[in-house]
Amino acid sequence: MTKNDAIRWPAPAKLNLFLYITGQRADGYHELQTLFQFIELCDYLTITPNLSGKITLSPSLEGLALEDNLIYKAAMMLKPYTAENNGAHIELEKNLPMGGGLGGGSSDAATILVALNYHWNINLTKTKLSEIGVRLGADVPIFIYGKAAIAEGIGEQLTPVDIAEKSYLVAVPDCHISTPAIFQAKELIRNTPKKGHAQLISQNWLNDCQPYVKKNYPKVAKVIDWLIEYAPTRLTGTGACVFSTFNSLHEAQIVLDKTPDWLAGFATKGLNNSPLNELLATLK
């Protein structure tokens, strides 16, 4: 396989296994302590490099202009680093729910940065790619970094951790939650004390967004109340997706098989190493 060949690149989902909001900066961004782990479910981006100098994308996402698409934005951010005639066609297989707290848009953007860095032979470091990517979203660096990590600052300060790769039932409530709307909410918890990493890993895990989301999004509350009877259950990110933790995929599947018709979801495994990282390692 050469850098000119079409390659199908994974863009994995993530879970926030815990999420604490420790303050708010003068610029409006929130200071966080969160633990990211990847899961097996991925979007896929098949990238075919060409010499058209243009970025084309299919299929187009309904209601979203090309210039507003994070995939297109990410590709255009790398254009200044490569020859003018370098271009690419990108075909998206969308499997991750939009606005679910699984990081779909950020993961797609990160995969584009990593993939075009490879295809166009730019050879930027992961640190430099992360500096570019964080301008698209605070979650983009974790997907570029590709290792389970505690994230601090606005999510860009990453410390790798080796944690149990549990299995999860991820539920997808029938509602969309806007991340900016959650972070603008007056009732949101913003004063959780910062803790050391050892304490963060060893204590019971919580999500500071969950009380507000549960109170204001009844469909999410209904899902949490049903699942928590079976296993520890929390919101991921700002939601709407909710995950329950199990020791095996078999146990997660048993509960998934019992879910009522109004509860959509899937069983999956946690991953400390991103599928994107694993693919990249085979290409070097």
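This is a predicted model: local features need pLDDT of at least 70, side-chain atom pairs count only at pLDDT 80 or more; totals for chains, interfaces and linings use all residues.
Let's start at a strand pairing: Arg234 stands opposite Phe243 in S9.

**Around strand S9**

How many of the residues of strand S9 (residues 242-246) are buried? The count is 5 of the 5, so S9 is largely enclosed by the rest of the structure. Its side chains divide between two directions: Val242, Ser244 and Phe246 point one way, while Phe243 and Thr245 point the other way, and all are buried.

S9 also pairs with S7, in the antiparallel sense and over 5 bridges. Here Tyr168 has Thr245 of S9 as its bridge partner.

**From S7 on to S10 and S2**

Strand S7 (residues 167-171) pairs with S10 as well, again over 5 bridges and in the antiparallel sense. In this pairing, Ser167 stands opposite Lys269 of S10. S10 (residues 265-271) is in turn joined to strand S2 (residues 30-50) by 2 bridges, and these strands run antiparallel. Ile39 is found opposite Gly270 in S10.

| Strands | Bridges | Sense |
|---|---|---|
| S7 and S9 | 5 bridges | antiparallel |
| S7 and S10 | 5 bridges | antiparallel |
| S2 and S10 | 2 bridges | antiparallel |

**Helix H8 and its cover**

Which residues of helix H8 (residues 218-227) are buried? They are Val220, Ala221, Val223, Ile224, Trp226 and Leu227. An α-helix has 3.6 residues a turn, so residues three or four places apart point the same way. The cover over the buried residues of H8 includes the strands S7, S8 and S9, together with helix H7 (210-216) and helix H9 (249-258).

**Helix H2 and its two partners**

Two packed helices are described by the angle between their axes and the distance between the axes. Helix H1 (residues 70-78) packs on helix H2 (residues 104-119) at an angle of about 30°, and their axes are 8 Å apart. That angle makes H1 roughly parallel to H2. Their crossing is right-handed. H1 brings Leu70, Ile71, Ala74, Ala75 and Leu78 to the contact, and H2 brings Gly105, Ser106, Asp108, Ala109, Ile112, Leu113, Leu116 and Asn117. By class, these residues are 9 nonpolar, 3 polar and 1 charged.

H2 also packs on helix H3 (residues 126-133), with an angle of about 135° and axes 10 Å apart. H2 and H3 are therefore oblique to each other. This crossing, too, is right-handed. Leu113, Val114 and Asn117 of H2 meet Leu129, Ile132 and Gly133 of H3. The contact has 4 nonpolar, 2 polar and no charged residues. Leu113 and Asn117 of H2 take part in the contact with H1 and in the contact with H3.

One last stop is Pro59, in the loop between strand S3 (55-58) and H1. Its relative accessibility is 47%, so Pro59 counts as partly exposed. Pro59 and Leu92 are 33 residues apart along the chain, and their C-alpha atoms are separated by 6.7 Å.

Definitions and conventions: Residues are numbered from 1 along each chain as its sequence is written. Side-chain values use heavy atoms; hydrogens and water are left out. Two strands pair if DSSP finds at least two bridges between them. Helices (H or I, at least four residues) and strands (E, at least two) are DSSP runs, numbered from the N terminus. Axes are lines fitted to C-alpha atoms, for helices over the stretch in contact, and angles run from 0 to 180 degrees between N-to-C directions. Angles under 35 degrees count as roughly parallel, over 145 as roughly antiparallel, 65 to 115 as roughly perpendicular and the rest as oblique. A crossing is left-handed if the near helix is turned anticlockwise from the far one by less than a right angle, and right-handed if clockwise. Contact means heavy atoms within 4.5 Å. Ala, Val, Leu, Ile, Met, Phe, Trp, Tyr, Cys and Pro count as nonpolar, Asp, Glu, Lys and Arg as charged, and the others, Gly among them, as polar. Buried means under 20% relative accessible area, exposed over 50%, partly exposed in between (1.4 Å probe, protein chains only).
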